[in-house]
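Reader: I would like to walk through this structure with some questions. Please show it to me before we start.

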Amino acid sequence: MEEKQIFNEDPIATNEQVMHEDQVVNEEQREYSAKSDSSQEEKLNKEVAELKDKYLRLYSEFENYRRRTAKERLDLIKTASEDLMTEILPVVDDFERAFKAHQNETDASKVRNGNQLVFHKLLRILEQKGLKPMESLSGKPFDAETQEAITQIASPNEEMKGKVIDVIENGYTLGDKVIRFAKVVIGA
């Protein structure tokens, strides 16, 4: 085997050569570093753009969902009473027939009985839909959750103080919710 000469005979040239090679390597490293920095920056910019796009799409989907549900809610509110109205229309027809029949009727009991029939038919329809009147409130303690005190009067006896003496207007519940408070007179 042939031995290679390790030492260069011109030591100055070698130092200059090494320095030149170091400069070239440093420049290449800077260029590579700049390229990797710019490629990393490009990568981050691309990722930011993708995330912005994803955010905008998600935001617009949510806005569309919100608008659609608001529209559906309004439509539901507009047509929610349609079922009830179609069931009440026969009662309205009964009232119209009763008015025509009462024009020539002289017997007040027949008129009253006819009105009671129509009234009870209306109550049955409303009860089927969940409406319930508050019953037998007289003599019971006043309840601010379900009743509205119109006035107070002197109670006929000591037991009736703070209790309902008279019901001016019935209260109604729909399910468990009070939709109209009973207007009552309480004893003082």
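Predicted model: local features only at pLDDT ≥ 70, side-chain atom pairs only at ≥ 80, totals over all residues.

Reader: How far apart are the end C-alpha atoms of helix 2, and what span should its residues give?
Author: Helix 2 covers residues 82-103, which is 22 residues. At 1.5 Å a residue, the helix should span 32 Å. The distance between its end C-alpha atoms agrees with that, at 32 Å.

Reader: Where does helix 2 bend?
Author: The bend is about 30°. A proline, Pro90, follows within four residues of the bend. The bend is at Ile88.

Reader: Which helix do the buried residues of helix 2 pack against?
Author: Ile88, Val91, Asp94 and Ala98 are buried in helix 2. The buried residues of helix 2 pack against residues 108-128. That is helix 3.

Reader: Is Asp94 buried or exposed?
Author: Buried means under 20% relative accessible area. Asp94 has 16%, so Asp94 is buried.

Reader: Which residue forms a salt bridge with Asp94?
Author: The closest N and O atoms of the pair are 2.8 Å apart. The partner lies in helix 3 and Asp94 in helix 2, so the pair ties together parts 27 residues apart in sequence.

Reader: Which residue meets Asp75 in a salt bridge?
Author: Both partners lie in helix 1, 4 residues apart, about one turn of the helix. The N to O distance is 3.6 Å, and the partner is Lys71.

Notes
Residues numbered from 1 in each chain as written. Heavy atoms only, no water. Helix = DSSP H or I, 4+ residues; strand = E, 2+ residues; numbered from the N terminus. Expected span 1.5 Å × (residues − 1). Bend = angle between axes of the 7 residues up to and from the residue. Buried < 20%, exposed > 50% of the residue type's maximum accessible area, 1.4 Å probe, protein only. Contact = heavy atoms within 4.5 Å. Salt bridge = Lys/Arg side-chain N within 4 Å of Asp/Glu carboxyl O.
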